[in-house]
Amino acid sequence: MGDSIFDVGTNKYVKNSVSRCDFVPYGKTRYNKPSGRCSDGFLIPDLINQVIGLPFSKPFLGLKAGSQLPLSINFALDGSGLLDSTHSDWGVVSFNEQLKQLEQLANKISKKNLNDFVVVISSGGNDIAANLQNTAEIDLEAMLVLLEKGLEQLYRYGFRKIVYSSVGPLGCAPIVTSGGNCVREINNLVEQFNGQAREIVLGVARKFPGMRGTFVDGYSLIKSFVENPVKFGFKNGGGCCPNCLSHKNTLSGLCKNPSDYVFWDLIHPTEHTYTLL
């Protein structure tokens, strides 16, 4: 669940959402057509499923009523945030709304079987990214409160295993970098959020019997890729598709080999970056 970092195609099923990745050249590397993934190919959920031998996740909103539940279900949506107000005018499904969807899922499955599920979360990045022009508007405290309440809610539903993926180094994303240098002010905010989010994830796991929580730090790795791309096998710490987010002239300036780049567009990593992570 969460945002575009984990969205494997939910954005294709939200008709009133203006935040989507279902147009050319998204999916260029892996599918040669748009799959709804905000990258050139696979995302972290796809790669996890490959490693453990599960079929690719199916978007919850794309499931047909009465059909058998797949082994892996995706709730993440491009543009969503922890706060209900984040991109609310874009028609996105917020973290709270996704929690309600997981409650629907939990009601269809016995509590005993819910112990086997692992809920993997990537949320919080859009709450910060939506206010990059005015960082004073970023309410980290409210974000953290909602994250903690959300994890506690998942426990009450019956889920017992939680993995939370850190917000990436937004200050290093091509949408904000100046001359290839990361913006320290933005990364400081992300680091502050990640540090407290980690304590919440681990704290909730300690608080509730049987709960297990893991915090994954992708921030540090991606930041290292951008700051020293050649060391990690990249040729460029920037973005392969500079016009993708505009929905216009997306092929203009498109690079020939996305795996040479840390980022696919101005904010989302390439499949190669995700594979290294």
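Mentor: What follows treats the core, then the sheet, then the backbone.
This is a predicted model, in which local features need pLDDT of at least 70 and side-chain atom pairs count only at pLDDT 80 or more, while totals for chains, interfaces and linings use all residues. Residues are numbered from 1 along each chain as its sequence is written, and side-chain values use heavy atoms, with hydrogens and water left out.

Trainee: Which residues touch the most other members of the largest nonpolar core?

Mentor: In soluble globular proteins, nonpolar side chains tend to be buried together. A nonpolar core is a set of buried Ala, Val, Leu, Ile, Met, Phe, Trp, Tyr and Cys residues joined through side-chain atoms within 4.5 Å, where buried means under 20% relative accessible area, exposed over 50% and partly exposed in between, with a 1.4 Å probe and protein chains only. Here the largest such core has 54 residues, and L154 and F193 touch the most other members. Among the elements giving two or more residues to this core are α2 (95-107), α5 (140-157) and α6 (184-207), and α6 supplies the largest share, 9 residues; helices (H or I, at least four residues) and strands (E, at least two) are DSSP runs numbered from the N terminus.

Trainee: With which residues is F193 in contact, leaving aside neighbours within four places in sequence?

Mentor: Contact means heavy atoms within 4.5 Å, and on that basis the partners of F193 are L82, S123, I128, L140, M143, L144, Y164 and V167.

Trainee: In what order do the strands of the open sheet lie?

Mentor: Strands of a sheet pair through backbone hydrogen bonds, either parallel or antiparallel. Two strands count as paired if DSSP finds at least two bridges between them. In this model 3 strands form an open sheet with parallel pairing, in the order β3-β4-β5, so that β3 and β5 (212-216) are the edge strands, each pairing on one side only. Between β4 and β5 there are 5 bridges, and I162 stands opposite G213 in β5.

Trainee: Where is the cis peptide bond, and which residue other than glycine near phi 55 degrees has a positive value?

Mentor: The cis bond runs from V24 to P25, with omega near 10 degrees, and P25 belongs to the segment before α1 (44-52). The positive phi, near 55 degrees, is that of H87, which lies in the loop between β2 (73-74) and α2 and is buried, with a relative accessible area of 13%. N32 also has a positive phi, of about 60 degrees, although it is not a glycine, but N32 is exposed, with a relative accessible area of 67%.
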